[in-house]
Amino acid sequence: MAMIVQTEDEYSFEGAVTENGVEYYRINKSGPTKVSAEGALEGMDMHIEGTGMSESYSLLDKATLLPVRMEEKTGMDMSIIISGPQSMAIPMTQNTETKIQFSEVK
């Protein structure tokens with residue numbers, strides 16, 4: 001089943017930050033997310049809808065402007081509604097945290 005994900009992210013340039021004695025540029029991103037999907041599973045109609053919020057930041061190397069680290073936190077509240085012989089509504093809360101550390105391969 002295909003899921004439609006809509007985001008309205010805002011980006012802001014925080015400026016230079018220092019971590020472990022190294023100066024980086026920091027870019028922040030945050031915004032709401034909406035998800036929706038419709039389909040069928042084993043003869044039952046299924047509808048998914050939900051909303052959430054994400055916040056993240058990226059640290060960029062000042063000389064190359066390549067990313068050094070990215071971190072994101074996302075929270076989502078969804079409802080899964082199934083109709084048919086076994087009708088039910090399933091609430092679901094999902095929180096994720098993603099951390100990506102880039103390093104040079106020589």
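Me: What makes residues 67-83 a strand in this predicted model?
Reply: A strand is a DSSP run of E with at least two residues, numbered from the N terminus. Residues 67-83 form strand 5, and M76 lies in it.

Me: Why is M76 called buried?
Reply: The relative accessible area of M76 is 10%. Buried means under 20%, so M76 is buried.

Me: Which residues is M76 in contact with, leaving aside its neighbours within four places in sequence?
Reply: M76 is in contact with T33, V35, G50, T51, G52, M92, T93, Q94 and N95. Contact here requires heavy atoms within 4.5 Å. For one of these residues, Q94, the C-alpha to C-alpha distance from M76 is 5.1 Å, while the two are 18 residues apart in sequence.

Me: How many salt bridges does a search of the whole structure find?
Reply: The search finds seven. Among them is the pair of D9 and K29.

Me: What makes the pair of D9 and K29 a salt bridge?
Reply: The closest N and O atoms of D9 and K29 are 3.5 Å apart. The cut-off is 4 Å between a side-chain nitrogen of Lys or Arg and a carboxyl oxygen of Asp or Glu, and therefore the pair qualifies.

Me: How do you know whether D9 and K29 are buried, partly exposed or exposed?
Reply: K29 has a relative accessible area of 18%; the limit for buried is under 20%, so K29 is buried. D9 stands at 26%, between the limits of 20% and 50%, and therefore counts as partly exposed.

Me: What makes K29 and E72 a salt bridge?
Reply: Their closest N and O atoms are 3.5 Å apart, which meets the requirement of within 4 Å. This pair also links distant parts of the chain, with K29 in strand 3 and E72 in strand 5, 43 residues apart.

Technical notes: Residues are numbered from 1 along each chain as its sequence is written. This is a predicted model: local features need pLDDT of at least 70, side-chain atom pairs count only at pLDDT 80 or more; totals for chains, interfaces and linings use all residues. Side-chain values use heavy atoms; hydrogens and water are left out. Helices (H or I, at least four residues) and strands (E, at least two) are DSSP runs, numbered from the N terminus. Buried means under 20% relative accessible area, exposed over 50%, partly exposed in between (1.4 Å probe, protein chains only).
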